Amino acid sequence: MLDRILEAVQFIDEKRDVMNELGSQLRVRINDLRQNRDETIRRKVDNLVNNSASNNNKGMELTDLVQNSLDAAIDKDEGRNDEDRQRRERIMKRMIETPLWLPPSIAPFAATSPVEISVNDWKMIKSDILKGSNFICRSWDSVEVAAIYRGSITRASGNNEDGKKFVTAIEATFEDLLERVESHPNLSKKIQLFLVEDFEWRGLDVGNNMRYGPGDIGRRLAIEDGPPPVIIALAKEVIPEQESERSLPTKFLASFSALATIFTTLAYAVSSFALNASFFNAVVKENDMSLFPLCLPVFFGVLAVSLVHEVGHIIAAKKHGVRLGLPVPLPSLQVGSFASITPLRSFPSTRTVMFDVAISGPGIAMLVSLAMIVFGLRLTMLAQTFTSFPVIPSAMMKSSFLVGSIASILFPKVMLAGLSQPIPIHPLFLVGIAGLYMSAVNLLPIGRLDGGRAAMSAFGRRSASLISLLSLLVLAFYSFNGLSGIIIFWGALIVLTQQRVADIPARNEVSGISGSRVTLYNTLFILSILTLMPFPGGVSSM
C-alpha cells in the first residue's frame, strides 16, 4: 500500500501548482508509517515466540513457529484431521499477518474466511464497481482475504457541503455500490462490501497550504470532522458464527443456563412468599403444598417478561432482515432471570438496523415492567384481603430510585415504613420489578449487551469503546465496594466473562442514526440508571 502511495506522490509532484510541498511531506510521513508497520509486525512475532515457544525455538522462522504451535495443540487432540490442521494453520498465519488497515471489528471474520479472493477480483472491484461511481478511489491495498479502498465522495452525490447532506451522500453512494456488486456477473457471489471509518486515520493535516478541489467533500470533512470512510471488501462466504458451528460444550452450557434460569426464577417466586405467614406455615412447617400454586403467577410472569424481551428482538430483526441465533437464558439469584443473550447470525445493514434490533427487546420490556409496577401498586391499594399476596420487606421498594419514586406517588404510606417492615404486595408488582431490573442491566452500554449495541449504533464504534470502558470501571467500583448485589452478579457472571467485547460490525458503520433514536436511547439509559440507584434512605439494591 505504501508503495502505491509513493506512486501517487510522484503524480502529486507533477501538480505543484496545486499543492507545493505535499509530495515531500508525504514521503517523510510514509517512511515513518513504514517503520511503524515493520516494527509492529516484528513485535507481534517476537511476542508470539516469547510466549508460545521454548528457548530453543527463538530462532525459528514464522512458518516453523506456526507449525510447532499447531503440533503442540494437535497432540492434545489426536482426533483432529489434516483438513482441520490446515485450517487452523491458515487462521493463525492470517491473524499474525493481519494488515494494520483492517479494523478489529472485521479482522476476526477475515482471518476465518473459508475462501481466498484473487488479486484480479480485487482489481475488478476498482475497475468495474468503483469506477463511474461517486466514490473516487485514490488508493487500495489487499491481502488474500480482504481489501481496502480509500477515496472520497464527490459533490455529485450531495446538494451542498453541509455535514448532514454529506452523510446522506455517503448512504446513497454505498447503496449504489452494493447494487453494482449484486448485479455484477462475476462478483455478486464472491464479494461483500463494508463501509467503515479508516482505522489508520490519526487526524494528521499534512500542511497549512492544503487546498481542496471542488468535488473533494469527503477529504475536507474527514480532516476537519473525523476519520474518512473507506470500503472494506470480504468474501461473500464470511458470515458470523452459525448455530451449526457451535461446539458441544457451548451447547451444553446454554442448556445448563436455561435450566438454571428456570430454577432461579422459581426460587424468586417462592422467596417472595417467605414472609407470608399462611404460606410459610403450610409449606415449611406442615409440608402442605396446597398453597404452592400461589407462586406460579410470579414464576410465569417473570418468564413472560423475558419472552416479551425476546419477541421485541425477533420482530425488529424480521422487519430488517437480520438473522438471530437461539437465545440463551441467563439466571439471576436476585430477580430470577436476566433475559437472554441473543447472538446475531448475519451482519446488520446499517447502524440504524443494529440499534432497532438491540433496543427493541429491553425497551419494550422496560415499558411493560413499569406498567406492571404501577398496576401492581394500584391493585394492592384496592385489595380487600392480602392472605394470597406475596410479602416483601419495605427495603425492596427502596432498593431502586425509580421504583421508590413511583411508590412515593401512588403508595406514600408504605415509603414511611422501616426497611424491615413486611408489606403485602400484588404479584404483578414483583413481576414488574424483576422485569425492570432485567431491562436496566441489559441497557448498560457495555460490549455486546443490548445497551452496548445501541451505544455503538448511536455514537459510533470509537466513542462506544470509550463509553464501554468507563462503564466497566464504574461496574467494577460498585462490585468491589459491595454497593449493588445485582451489579455484582451481573458483572461477575456475564459482563466480565462473556459480553465485554464489541459486537459484529454493520455493513455500513459510517452513517449514524436519527436524533430521535439517540434521544430514545438516552431516555432508556437514564431510566436504567435510576432503576439501579437506591432510593434515599433505602438499601443499595436487592
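The buried residues of helix 9 (residues 248-271) pack against helix 11 (296-320), strand 5, strand 6, helix 13 (394-397) and helix 15 (427-442), where contact means heavy atoms within 4.5 Å and buried means under 20% relative accessible area, with exposed set at over 50% and partly exposed in between (1.4 Å probe, protein chains only). The model is a predicted one, in which local features need pLDDT of at least 70 and side-chain atom pairs count only at pLDDT 80 or more, while totals for chains, interfaces and linings use all residues. Residues are numbered from 1 along each chain as its sequence is written, and side-chain values use heavy atoms, with hydrogens and water left out. Helices (H or I, at least four residues) and strands (E, at least two) are DSSP runs numbered from the N terminus.

The secondary structure of the chain comes to 19 helices and 8 strands, and 48% of the 542 residues count as buried. Among the contacts with a separation of 6 or more, 74% are accounted for by residues 24 or more positions apart. The chain exposes about 26600 Å², of which carbon and sulfur atoms supply 59%; accessible areas come from the Shrake-Rupley method with a 1.4 Å probe, and for residues only the protein chains shown count as cover.

Helix 9 has 24 residues and reaches 34 Å from its first C-alpha to its last, close to the 34 Å expected at 1.5 Å a residue, the expected span being 1.5 Å times one less than the number of residues. Its buried residues include Ala254, Ser257, Thr261 and Tyr268. Strand 6 (residues 336-341), one of the elements against which these residues pack, is largely enclosed by the rest of the structure, because 5 of its 6 residues are buried. Strand 5 (residues 328-332) and strand 6 pair in the antiparallel sense over 4 bridges, pairing requiring that DSSP find at least two bridges between the strands. The two strands form a hairpin with 3 residues between them, and serine 332 stands opposite glycine 336 in strand 6.

Within strand 6, alanine 339 has a positive phi of about 65° although it is not a glycine. Most residues other than glycine have a negative phi. Isoleucine 341 and alanine 254 are 87 residues apart in sequence and 9.8 Å apart in space, C-alpha to C-alpha.

A salt bridge is taken as a side-chain nitrogen of Lys or Arg within 4 Å of a carboxyl oxygen of Asp or Glu, and by this rule the count comes to 7. One of them joins the side chains of lysine 236 and glutamate 182 (2.9 Å, N to O); lysine 236 lies in the loop between strand 4 (229-235) and helix 9 and glutamate 182 in helix 7 (residues 163-183), so the pair ties together parts that are 54 residues apart in sequence. Another joins glutamate 197 and arginine 462 (3.4 Å, N to O), and because these residues lie in strand 3 (residues 191-197) and helix 17 respectively, the pair ties together parts that are 265 residues apart in sequence. The side chains of glutamate 509 and arginine 461 also meet in a salt bridge (2.6 Å, N to O), and both of these residues are buried.
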